[in-house]
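Open the model in your viewer with the sequence panel beside it, and follow the stops below in order, making each selection before reading on.

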Amino acid sequence: MAGVATVQNGSLSKLQSLNGIFAIYKKQGPTSADVLNSLKKALLKEAGVANPNPRKRKKQPLKIGHGGTLDSNAAGVLVVGIGEGTKMLTTMLAGSKKYSAVGELGKATDTLDVTGSVVDEKSYGHITKETFEGKLKEFTGEIMQVPPLYSALKKDGKRMSVLLKQGQEVEAKPARPVTVYNLSLQDFSPPLFTIDVECGGGFYVRSLVDDLGKALSSCAHVKELTRTKQGQFTLEEHALREDRWTLTDITQALQPCPESTGHENNAKKAKSKDKPNPSKSMGDDGDQNKD
């Protein structure tokens with residue numbers, strides 16, 4: 001038994017020594033926070049922590065967080081920071097993001113995706129592949145976009161989506177500038193269509209699809225959404241599936257923090273220990289979450 005305990009303590013020490021970021025695959029259904037908690041539970045269990053409670057924030061043996069919330073209905077790349085990596089998520093995810101989205105013409109929902117209630121129906125028979133592709137050009141480059149009401153954006157410290165589900169009235173956030181680097185039509189089979197999007201931070205694919213529907217004198221919502229790239233991490237090359245959420249696989253996949261980070265943090269610790277560390281907005285689908 002002593003030997004087992006030594007191995008487990010060694011695993012926990014190795015886990016706690018990790019500092020950097022890596023990517024996992026988020027499946028459709030659970031929230032990003034749920035996925036992060038499942039990851040943390042799996043790692044703590046492997047390290048020998050009895051009955052780990054990943055939702056308990058105080059006195060956690062493992063510091064872990066994710067950058068850029070994905071909607072429950074969305075799948076794809078979710079970037080995770082571990083140890084000092086949680087402080088590097090904003091910096092290391094400054095690059096573009098890529099998405100593949102399946103939309104449906106003729107129906108609009110209150111959430112702008114398939115999880116919501118249908119609030120409008122319009123004809124779409126007049127829309128051709130040519131007119132659709134022509135409209136995509138209007139949504140490429142620097143554009144103004146109104147974020148969805150159902151989102152991770154906050155009002156008075158609470159997520160707007162939560163307030164809406166509680167029956168409270170919420171006003172739309174003002175339009176804000178966002179960047180679309182590339183936007184292309186991959187399939188057009190009315191009422192369904194598939195688009196690929198490469199965008200900067202603060203961008204909502206659900207708003208894009210809703211705006212596209214209106215621009216085409218119809219309406220539309222997102223049926224499926226997959227993030228295929230976030231920063232340097234791609235779905236094909238980097239996102240670890242759930243069966244690879246192990247200490248060995250994560251150690252191999254880990255992108256370490258810059259060497260200076262740890263020394264800088266140690267130097268600043270005395271100055272910052274009494275100050276809260278505010279979470280920083282990650283833009284496109286929500287806020288950075290830390291545990």
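**First stop: helix α6**

Begin by selecting V205, R206, S207, L208, V209, D210, L212 and G213, which are the buried residues of α6. This is a predicted model, so please read every contact described here as a feature of that prediction. The helix as a whole is mostly covered, since eight of its 11 residues are buried. To see what lies over these buried residues, display β4, α4, β7, β10, β11 and β12, which are among the elements that cover them. Before leaving the helix, step past its end to S217, which follows α6 and has a positive phi, near 60°.

**Second stop: the largest nonpolar core**

Which members of the largest nonpolar core touch the most other members? Select F132, F193, I195 and F203, for these four hold that place among the 28 residues of the core. Now colour β4 (97-105), α4 (129-136), β10 (176-189), β11 (192-199), α6 (205-215) and β12 (220-230), each of which supplies at least two residues of this core. The largest share comes from β10, which contributes five residues.

Centre the view on I195 and show its surroundings: leaving aside residues up to four places away in sequence, I195 touches Y99, S100, A101, F132, L183, S184, L185, Q186, L208, V209 and L212.

Display β10 with its two partners. On one side of the comparison, β7 and β10 run antiparallel and are joined by five bridges, and the bridge partner of Q145 is R176 in β10. With β11, β10 pairs in the antiparallel sense over eight bridges, and a hairpin of two residues joins these strands.

How many aromatic pairs does a search of the whole structure find? The search finds two. For one of them, select F132 and F188, whose ring centres lie 5.6 Å apart with the planes at 55°, so the pair is tilted. Because F132 lies in helix α4 and F188 in strand β10, this pair ties together parts that are 56 residues apart in sequence. Both F132 and F188 are buried.

Shown together, F132, F188 and F193 form one aromatic cluster.

**Last stop: a charge over a ring**

Finally, select R241 and Y25, where the charged end of R241 sits over the ring of Y25, 3.8 Å from its centre.

How values were computed. Residues numbered from 1 in each chain as written. Predicted model: local features only at pLDDT ≥ 70, side-chain atom pairs only at ≥ 80, totals over all residues. Heavy atoms only, no water. Core = buried A, V, L, I, M, F, W, Y, C linked by side-chain atoms within 4.5 Å. Buried < 20%, exposed > 50% of the residue type's maximum accessible area, 1.4 Å probe, protein only. Helix = DSSP H or I, 4+ residues; strand = E, 2+ residues; numbered from the N terminus. Contact = heavy atoms within 4.5 Å. Pairing = 2+ DSSP bridges. Phe/Tyr/Trp six-rings, centres within 6.5 Å; stacked < 30°, edge-to-face > 60°. Lys NZ or Arg CZ within 6 Å of the ring centre and 35° of its normal.
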